[in-house]
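Okay, everyone, thanks for making time.

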Amino acid sequence: MAFESAHSRSGHQGPANPLCPPVGALTPRRSAWPYLITHFRLLTSPLPVPVHWQIMAEFSQKRGKHRGDEALGSAVDFLLANARLVLGVGGAAVLGIATLAVKRLIDRATSPRDEDDAKGDSWKELNLLKATPHQQPRPPPASLSQPVSLPAPLPSAPEGPTDTELQKPPQLGSPVPLCLTFQEKLLAFEREHVVIPAAHVALAKQLAGDIALELQAYLRNKFPELPFGPLVPGGPLYDGLQAGAAEHVRLLTPLLLEPGLWILVPGVDTVARDPRCWAVRRTQLEFHPRGSSPWDRFLVGGYLSSRVLLELLRKALVASVNWPAIGSLLGCLIRPSVASEELLLEVQHERLELTVAVLVAVTGAHSDNHLLLAWPLEGLAGNLWLQDLYPAEAARLQALDDQDTGTRRRLLLLLCGVCRGHPALGQLGRSHLTQVVLRLGEEEVDWAEEALGERFLQALELLISSLEQASLPCHFNPSVNLLGSLREEEIDSIGYALYSGLQVPEGLL
């Protein structure tokens, strides 16, 4: 061992051999003092003998590995120094890069390294491999003695027709992937699942109008003492806000109340404490006693009961109306829905299916432009009337879109189409989605068609934030929480579906 260290210091290089590099090039000069000091400490150490063996073995193993690494590095340097004489500058650069990558792999496998160094080398090697182009035949450089710099990029060859012809075919022959943006997929979903053919819309309006005339004639003959107003079909189908064929055609059946005999009381001022509802109270009993109005027969505790009126009309529609005869006259099949608490008529035509909702409404004097519907409510609010905000919502959306030719109503249609076909999002009704679009419609500025996809994602984010707080205030009545009727489990399932859809919005379409 001492002889090897002294021989390294002597500088003896042996006979010259053109095929073998000098010894000094393979083995750098190393000092023997660290080695002698270490052995002196080992011999004079009071540690047990097995521990000395272990330390000496580790030291010898590390020293042999360092000598092997130095020899490998010297051989690589010699190979790269002579490769340019045989392969040229370009070939030597390629060989140098490949040899460097192999050497780093060997170093990494044979020597433990710090975690930070390993991370740094890994991304550097990836960058080196990514930056290495596929080698193509290049003309040799003018001088063979031109120095080669491995870290530097390859010298660019002069432009010529050969390089251009070799590089163009891969670019022209590579297939161009067809990747649609979310905006394009959203518009395709609108065309396929949201837009209703104009012929179906015209046929549905015609059937709804004919059913309204037949039902109005029946009510006048069956209840001549009750002043029902003219039945008016309407709803999303008539306002251009119906997505697909799942929405109901609204058939309003108004009650003509006498002016001065009826006033409206907010639901929060009643025992029900329900801000969604209103009570219709009978007044002027001292001048117009009970019985002077045909609607007094439906009073419960001095209030006009929506529940009693619903039961009256339900029995009439299910048991008294000759729907088979009316259906054969109109060329369709009409059946009243027995399972639903609402007054629904299911219409089947050879070209489409339609559902007509018969809505008993209060639109008389002193209603302050409120549209009140007889709705199947529960608990103390069973005799109250539900305030219908659909006409105000539709009018507001129309006014906002007319100001800037926006796409707020199209966004509402898309949201309704997406939620209608989803198992969890189907619990979100039109009222929930309309409030979200109204809030976005008055805050955002850009409502052009090009921003429809961005507005769609913003609507999902607003819904998620509302579900996290379990609060979605009504636009026209902030005291009404539209999420108050949903259970915690339903809110969780809807929120999870919306969050997943926000990560991959294409999955909702």
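So, the largest pocket: 39 residues line it, and nearest its centre are Trp375, Leu386, Gly429, Arg430 and Ser431. Two or more lining residues each come from strand E9 (353–362), strand E11 (385–388), helix H12 (390–404), H13 and helix H14 (430–443). H14 gives the largest share, six residues. The space in there is about 1,400 Å³.

Before I go on, this is a predicted model, and local features need pLDDT of at least 70, side-chain atom pairs count only at pLDDT 80 or more, while totals for chains, interfaces and linings use all residues. Numbering runs from 1 along each chain as its sequence is written, and side-chain values use heavy atoms, with hydrogens and water left out.

Everything void-like is on a 1 Å grid over the protein atoms alone: a pocket is an open set of points with protein on both sides within 12 Å along at least five of seven lines, a cavity is a set where a 1.4 Å probe fits but cannot get out, and lining residues have an atom within 4 Å of a point. Points are joined across faces, edges and corners, and a volume is the space filled by probe spheres set on them. Helices (H or I, at least four residues) and strands (E, at least two) are DSSP runs, numbered from the N terminus.

By class, the pocket lining is 18 nonpolar, 13 polar and eight charged residues. Nonpolar here is Ala, Val, Leu, Ile, Met, Phe, Trp, Tyr, Cys and Pro; charged is Asp, Glu, Lys and Arg; the others, Gly among them, are polar.

Next, H13, residues 408–420, where arginine 408 sits. Is that arginine buried or exposed? Arginine 408 counts as buried because its relative accessibility is 3%; buried means under 20%, exposed over 50%, partly exposed in between, with a 1.4 Å probe and protein chains only. Leaving out residues up to four places away in sequence, arginine 408 touches Leu397, Leu400, Asp401, Val437, Gly441 and Trp447, where contact means heavy atoms within 4.5 Å.

Over to H8, residues 198–222: its 25 residues should span 36 Å at 1.5 Å a residue, and the end C-alpha atoms are 36 Å apart, which agrees. That expected span is 1.5 Å times one less than the number of residues. Among the buried residues of H8 are Leu207, Ile211, Leu215 and Gln216. Glutamine 216 is at 12% relative accessibility, so it counts as buried, and beyond four places in sequence it touches Pro230 and Leu231.

Arginine 273 isn't a glycine but has a positive phi of about 55°; arginine 273 is in the loop between strand E3 (262–266) and strand E4 (277–282), and is exposed at 59% relative accessibility. Glutamine 284 also has a positive phi, near 55°, in the loop between E4 and strand E5 (299–300), and is partly exposed at 33%.

Last, the overall tally: 16 helices and 11 strands, and 38% of the 509 residues buried.
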